[in-house]
Amino acid sequence: MALKRGLSSVGVHRNRSSGSRLPIVILVFFSVLAPLVFFVGRGLYISDQNSVQSGFTKQNVDWRERLALQSIKNLFTQEVIDVVTTSTADLGPLSLNSFRKGNLSASWKVIGVETSVEDNSTSQSNQKATDLKQEMSQVKEGKLLDDDHSHDTPAKTLQRQLRDDRREKRAAELVQQDDEATVKLENAAIERSKAVDSAVLGKYNIWRRENENDNSDSTVRLMRDQIIMAKVYVSIAKLKNKVDLQQELQIRLKESQRALGESTADADLPHSAPEKIKTMGRVLSKAREQLYDCKLVTGKLRAMLHTSEEQVRSLKKQSTFLSQLAAKTIPNAIHCLSMRLTIEYYLLPLEKRKFPRSENLENPNLYHYALFSDNVLAASVVVSSTIINAKDPSKHVFHLVTDKLNFGAMNMWFLLNPPGKATIHVENVDEFKWLNSSYCPVLRQLETAAMKEFYFKADHPTTSGSSNLKYRNPKYLSMLNHLRFYLPQVYPKLDKILFLDDDIVVQKDLTGLWSVDLHGKVNGAVETCGESFHRYDKYLNFSNPHISRNFDPNACGWAYGMNMFDLKEWKKKDITGIYHKWQNMNEDRLLWKLGTLPPGLITFYGLTHPLEKSWHVLGLGYNPSVDKREIEHAAVIHYNGNMKPWLELAMTKYRPYWTKYIKYDHPYLRSCNLTE
């Protein structure tokens, strides 16, 4: 319009100066300048449409816009009007589509769409933030369409600055919204992790983090966890008088328990187990919403744990007793064998009850063995395995001692199955008249009221040591177990003797043991201190001053089962007297519990020579991981422990080393149903 006014003023001036030129000017105006003005105005309108639409200086604005403009100017300052103008130019004309597309600034509040905005906050915020960051980077790098702003008016410069500030503010707001949305999602995930994860088979695990477990029995463990939590909530529901929920929990609990049964692996579970898990998970979720109380749940779990510990302790005590009972009870088949042999022995005439080569019994130049046992079959394995692996069986002499109950059976077996050229002799411990209570402290102590109460009233609450059933073993009442401390009295004419337990198997010739120099020691044995529980402090009571003053708690222990005893040195050092001294001091069982190894460790303290470990390999009666190479290279293998090879609870992988020395086709074994 300013241009038009300029042109009009020029025309008027020329008209005054020269009226003849007016037609020419008018013609030029309409033919050249008018189209030019039209197209320039058209281009300016296209390049800045938003400015034209929102500008307040256009003369073609109608009367309504003039009235509104006048009202706005009266209410707001020019700076505020510029901001509104910039926002309008930035967003374009407002319309219903702007609301539908969400193309509004952060200052606009649209009521009724908060839920959808929150649900999609992450995706929309991320997308908007990304777009705005790209746009801002383009602005900073000068890559917008209107790169050159050198000729902009101050108003346009202000508008551009306000527009840029607005964009930056919007970008910051969207980034902040994105961060807030991320935090909300993380908090929601944390809350969900504390609740029920019903997405995978309705898993419920409030106190165990490993919801996913690749182990094969993870489903079994999950069902057990559910059962535990169901029991907790049943008690809480009862406490809070939630009868319906309590009944529902009890029903699902019984269903899960029936489905689980005795299963220990997922393969043992029925096909209905996954459905039971889902159902239980839903019920537990419901219970958690209504009943969960941290203090109550913790208290119930603690009470259940305490009860379980008491049950485990009771079952462990019962298991110990039963295992000891099973280990020391003679199987029916072996008892049958003993009875039949006893009958046959006493039907023999006296002259047929004697063993040949009795002159070898006191010959110190031969290899003598001491074997004290009441198990006929076990003793037969010891003798036969020694003879089979001996280089010269004729030089081996076996001294067997048993009780009067098995004396006939032991004699009859070796009369029917003589050990080849070796010499054997069987004696009855009850016929050792010198072994009486006036001489032997153990026999005297066994006759006391305290010892009888210890053995026969084991459940009495005041009984000392009543919790340890291991030491109430019947073998501790038998003198066969303590006879090892009286070897010079039993065999006064011998210089050396090899003591063998009845739960060993000989795999090599043992005559080399008689050539071992004991260096003045009395006992030659294999040490067992490679394992920490075979040191002195595990057997003796070092809180007692008598023990602590005389022994080293870290001294290395050794094993009975295969021991070379020098009887000459025994007599010189009065080993039996040392044993009697300490046995008398232990009448109240304060120095050690019952048994023969603790008094043996005391009696032979400092008097034991260590033998090579290959002579004697232990652990086949309790240790399932004994090295097979050690077993095969051992001279003697020992089934020490409760899993004796003649019992059903024996470890099957070790049993063949023992059974190969038994002839199961023997008529007496077949008649008593003794099978491999």
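Author: Let us begin with a pair of strands. Strand β6 (residues 523-525) and β7 run antiparallel and are joined by 2 bridges; strands here are DSSP runs (E, at least two residues) and helices likewise (H or I, at least four), numbered from the N terminus. Two strands pair if DSSP finds at least two bridges between them. Opposite Met564 in β7 stands Gly524.

Reader: How far may I rely on such a model?

Author: This is a predicted model, in which local features need pLDDT of at least 70, side-chain atom pairs count only at pLDDT 80 or more, and totals for chains, interfaces and linings use all residues. Residues are numbered from 1 along each chain as its sequence is written, and side-chain values use heavy atoms, leaving out hydrogens and water. The pLDDT is the predictor's confidence in each residue, from 0 to 100. For the protein chain its mean is 77, and 68% of the residues reach 70 or more. Over residues 196-214 the pLDDT is below 50.

Reader: Which strand pairs with β7 over 5 bridges?

Author: That is strand β4 (residues 496-500), which pairs with β7 in the antiparallel sense. Phe499 has Asn563 in β7 as its bridge partner.

Reader: Is β7 enclosed or open to the outside?

Author: Buried means under 20% relative accessible area, exposed over 50%, and partly exposed in between (1.4 Å probe, protein chains only). In β7 (residues 562-566), 5 of the 5 residues are buried, so the strand is largely enclosed by the rest of the structure. In a regular strand the side chains alternate between the two faces of the sheet. Here Met562, Met564 and Asp566 point one way, Asn563 and Phe565 the other way, and all are buried.

Reader: What is a nonpolar core, and which residues have the most contacts inside the largest one?

Author: It is a set of buried Ala, Val, Leu, Ile, Met, Phe, Trp, Tyr and Cys residues joined through side-chain atoms within 4.5 Å. The largest has 64 residues, and Leu337, Leu400, Leu498, Leu510, Leu513 and Trp658 have the most contacts inside it. Helix α15 (residues 376-388) gives the most to this core, with 8 residues. Contact means heavy atoms within 4.5 Å; beyond its neighbours within four places in sequence, Leu513 touches Leu498, Met562, Met564, Leu611 and Trp615 in this sense.
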